[in-house]
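Hi,

Here is the structure I said I would pass on.

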Amino acid sequence: MISLTSIDPALVARIDHVEKLIGRTPLYGIQHAFSKPGVQLFAKLEWQQLGQSVKARPAFQILKDALLSGQLHPGKRLLDASSGNTAIAYASIGAALGIAVTICLPENASPGRKHMLQALGAEVIFTSPLEGTDGAQAVAKEMASARPDRYFYADQYNNPNNWKAHYYSTAREVYHQSCGKLTHFVAGLGTSGTFTGTTRKLREVNPNIEFIALQPDSPMHGLEGWKHMETAQVPGIYDETLADRIQEVSTTAALDWQQRFAQTEGMLLSLSAAANLAGAIQVAEAIDEGLIVTLFPDDGSKEVMN
Amino acid sequence: MSYIQIPTPLRKFTQNQASFETNAQTVGQSLHELVTQYPDLGKHLHDAAQKLKPFIRVYLGEEDIQYLQAEATPVPENAVISIIPAIAGG
């Protein structure tokens, strides 16, 4: 650990500049794709920040903490495993801060995400498509152990700054933008950072809110970014005691809602965002009154590029 | 003889086997042989009509079968069929 006074003031200024582009996303009221008297459904449009997905929040928090604590500095590379969106967030924010980024990415990541990483100047190490992000994590860990002088291993799956980003920003925004009236918070599980951080903070503020975590209905699903916890390597930051309940969402339901939302609200969602929508609608259908908030982690632009 | 590579999330249903040998003539038949051997896999790969679920990606060697003849794609000797899972988490 080094003191703040030893950090280059120019780097601190760059961090402050970039921080203005993280978070503060709109809370969108869904009116046409779904409506039910007594029930309001809202979603945070998380692609509207630097890095173009919800992953801007944890990526920035991880980078900022590593830079201010002296674990990372210009000349050392940030290294992590990712399914794509965190990688793009690291690469975008890293570029803006002058920090080089190396990503271990399963080879079957979408072509759109690969193109973006290339354009942003990230170094990409492709890993086995059969082993997903669990395999990519193993490769990243090995690289970090072999060259601790070259890499800062960000380890988003076990880094508490992942969930803290949502504890300090997402939860606050959700609460204020819903004027404190939300009754249900619904989010899918990937690294679990969004659900963990947002739930921890909101529960402190209002213990009556119900928290519903979503996961795929099968280990063989099409919901990129989501984890089927029973058959995957469980992230260290995942807290299984947090959710009031866990609901399953099928890929077919997400595909249906993706199309319906595009044609009624005019927004093309990513499949993981459509899966959050499908889960939130399951909740909405089961209640008579309430205000439900979910997140749309990403839009569908990278899927269209495929 | 050809081989099906089983992705990590599905090995729970194949007694942790990472590979399955088959003599079937097409990709679809090969996958049905796999499901016959490990019936718990069926609901994860096939829909109610016993067709491969549309979002599941299967490769023959380096080629996605949706750009070949889908489930009817012939399987050459010693070919490797891979079931590719969605990329999970982060």
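This is a predicted model: local features need pLDDT of at least 70, side-chain atom pairs count only at pLDDT 80 or more; totals for chains, interfaces and linings use all residues.

Start with the helices of chain A. Helix α1 (residues 9-19) of chain A packs against helix α2 (residues 56-68) of chain A at an angle of about 165°, and their axes are 11 Å apart. Angles over 145 degrees count as roughly antiparallel, so that is how α1(A) and α2(A) run relative to each other. Their crossing is left-handed. If you want to click through the side of α1(A) involved, go to Leu11(A), Ile15(A), Val18(A) and Glu19(A); across from them in α2(A) are Phe60(A), Lys64(A), Leu67(A) and Leu68(A). Sorted by class, this contact has 6 nonpolar and 2 charged residues, with no polar ones.

Now follow α2(A) to its other packing partner in these notes, helix α3 (residues 85-97) of chain A. Here the angle is about 45° and the axes are 9 Å apart, which makes α2(A) oblique to α3(A). This crossing is right-handed. From α2(A), the contact uses Ala56(A), Ala59(A), Phe60(A), Ile62(A), Leu63(A) and Leu67(A), while α3(A) brings Ala89(A), Tyr90(A), Ile93(A), Gly94(A) and Leu97(A). By class that comes to 10 nonpolar residues, 1 polar and no charged.

Over to chain B, which has an open sheet of 5 strands with mixed pairing, in the order β2-β1-β5-β3-β4. Strands β2 (19-22) and β4 (63-64) of chain B are the edge strands; each has a single partner, so one side of each has no neighbour in the sheet. Helix α1 (residues 27-37) of chain B packs on this sheet, where it touches β1, β2, β3 (57-60) and β5 of chain B, and its direction makes about 115° with that of β2(B). Within the sheet, β1 (residues 2-5) and β5 (residues 80-84) of chain B pair in the parallel sense over 3 bridges. To find one of the partners, look at Tyr3(B), which is bridged to Val80(B) in β5(B).

Finally, the interface. How many residues of chain A are in contact with chain B? There are 31, and they meet 21 residues of chain B. Between them the two chains bury about 2100 Å², with 63% of it on carbon and sulfur atoms. On the chain A side, look up Asn108(A), Leu130(A) and Met220(A): they supply 38% of the area that chain A buries against chain B, more than any other three residues.

Cheers

Technical notes. Residues are numbered from 1 along each chain as its sequence is written. Chains are lettered from A and ligands numbered from 1 in the order in which they are written. Side-chain values use heavy atoms; hydrogens and water are left out. Axes are lines fitted to C-alpha atoms, for helices over the stretch in contact, and angles run from 0 to 180 degrees between N-to-C directions. Helices (H or I, at least four residues) and strands (E, at least two) are DSSP runs, numbered from the N terminus. Angles under 35 degrees count as roughly parallel, over 145 as roughly antiparallel, 65 to 115 as roughly perpendicular and the rest as oblique. A crossing is left-handed if the near helix is turned anticlockwise from the far one by less than a right angle, and right-handed if clockwise. Contact means heavy atoms within 4.5 Å. Ala, Val, Leu, Ile, Met, Phe, Trp, Tyr, Cys and Pro count as nonpolar, Asp, Glu, Lys and Arg as charged, and the others, Gly among them, as polar. Two strands pair if DSSP finds at least two bridges between them. Buried area is the accessible area (1.4 Å probe) that two parts lose on being put together, summed over both.
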